[in-house]
Amino acid sequence: MDVVLSGMRPTGNLHIGHLKGVLENWVNLQEKYRCFYFIADWHAITTEYDNIFSLKDYSFEIIAEWLAAGLNPEKSVLFIQSQIKEHAELHLILSMITPLAWLERVPSYKELKAQLKKDLNTYGFLGYPLLQTADIIIYKAKYVPVGEDQVPHIELAREIVRRFHYIFKREVFVEPQELINDAARVKGLDGRKMSKSYNNAIFLSDPSEVVREKILNAVTDPARVRKNDPGHPEICNVFHYHKLFSSAEEVREIETNCKKGSIGCVECKLRLFEKIEEVLGPVREKRNQLLADKDTLVDIIKEGGKKAREVASSTMEEVRKAVSVIDL
Ligand code: TRP
Ligand code: SF4
């Protein structure tokens, strides 16, 4: 069976953009592929080295959120990167054959370095996409669901696979392909990209009252001052969410009534809140339940780690043979 692999850095809680744009896709992939999903905690250290204290909590919370959203540990292997030391070993070996220029030209390297105000002149940060390559190819993943911004990283992984095969004369790996997921499908409450740093996200961890409050405060069509002013749903964020969470019929009704000025924004928002709660309520409850029972969560993570380690260590045996490293 073809392998799918993807990971997330534990730098924050998940929001409805992740739910609709990423996790729904991950859940569907479980039915057709051997899926590996992991928390990229080592990757998080590259930029969060001065703020590592929340990495553990976020790791647990994200895994609970994955499970709540429908990832099934019987079907997918769910694990934490730092539990599988083989990733680090492969990263080290790959670093011996990776031209510096290949890493220096990766666009995310230059962009993030310019954007973040902290010192990212580290060895680890330059190697970020190479560690990602190791994550992917150690499981011989064929498909990697990622956002558009990650495509250069998958390209690098393909180049490294070819170089490894060429230099060591042994075909150990599979060249991975990206499956683009559209995280930007869900916009933030202010119409920008949904992001923790823009303070415009609805989190899976938000209590019901907070979700209600956020929706009631969302920006709508600025031209609507009075309730019966005709609206422009196509530019309204609330309408954008209705399209994601309400039935086609309801969407049509809201569109017509908004344009006619016969539905008020508050009513429209409260209806949206109900629709979002239908989806979010059970996810939130399951998430909180899982987090209240850490032992079960730890068992799931350990079990996933065991399965991941089996695959990773068998690949490393092949790698050690290929590079003539003594494996006693
Ligand atoms: N770089 C990815 C991101 O920021 C996270 C990640 C790390 C990843 N290793 C991976 C994604 C391997 C896919 C495959 O989103
Ligand atoms: Fe937006 Fe709904 Fe108000 Fe129309 S009625 S502007 S769709 S919130």
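Which backbone oxygen does the side chain of Ser6 reach? In this predicted model, the side chain of Ser6 reaches the backbone oxygen of Pro145, at 2.7 Å. Ser6 belongs to strand β1 (residues 3-8), while Pro145 belongs to strand β4 (residues 143-146).

**Surroundings of Ser6**
- With a relative accessible area of 3%, Ser6 is buried, because buried is taken to mean under 20%.
- Not counting residues up to four places away in sequence, Ser6 touches Trp26, Phe36, Tyr37, Phe38, Pro145 and Val146.

**Strand β4 and its link to β5**
- Strand β4 is covered on both faces, with Tyr143 and Pro145 buried on one side and Val144 and Val146 buried on the other.
- Strands β4 and β5 (residues 177-180) run parallel and are joined by four bridges, and Val144 has Glu178 as its bridge partner in β5.
- Between β4 and β5 the chain passes through helix α9 (residues 151-168), in a β-α-β crossover that is right-handed.

**Nonpolar cores**
- The largest nonpolar core has 55 residues, of which Ile16, Tyr37, Trp66 and Tyr241 touch the most other members.
- This core takes at least three residues from each of domain 1 (3-185 + 295-323) and domain 2 (206-288).
- Tyr37, leaving aside its neighbours within four places in sequence, is in contact with residues including Ser6, Trp26 and Trp66, as well as Val4, Leu29 and Leu71.
- A second, separate core has 41 residues, among them Ala40, Phe125, Leu126 and Val161.

Technical notes. Residues numbered from 1 in each chain as written. Chains lettered and ligands numbered in written order. Predicted model: local features only at pLDDT ≥ 70, side-chain atom pairs only at ≥ 80, totals over all residues. Heavy atoms only, no water. Buried < 20%, exposed > 50% of the residue type's maximum accessible area, 1.4 Å probe, protein only. Helix = DSSP H or I, 4+ residues; strand = E, 2+ residues; numbered from the N terminus. Pairing = 2+ DSSP bridges. Right-handed = clockwise from strand over helix to strand, strands pointing away. Core = buried A, V, L, I, M, F, W, Y, C linked by side-chain atoms within 4.5 Å. Domains from an automatic or database assignment. Contact = heavy atoms within 4.5 Å. Polar contact = N/O pair within 3.5 Å; in protein donor to acceptor, adjacent residues only side chain to side chain.
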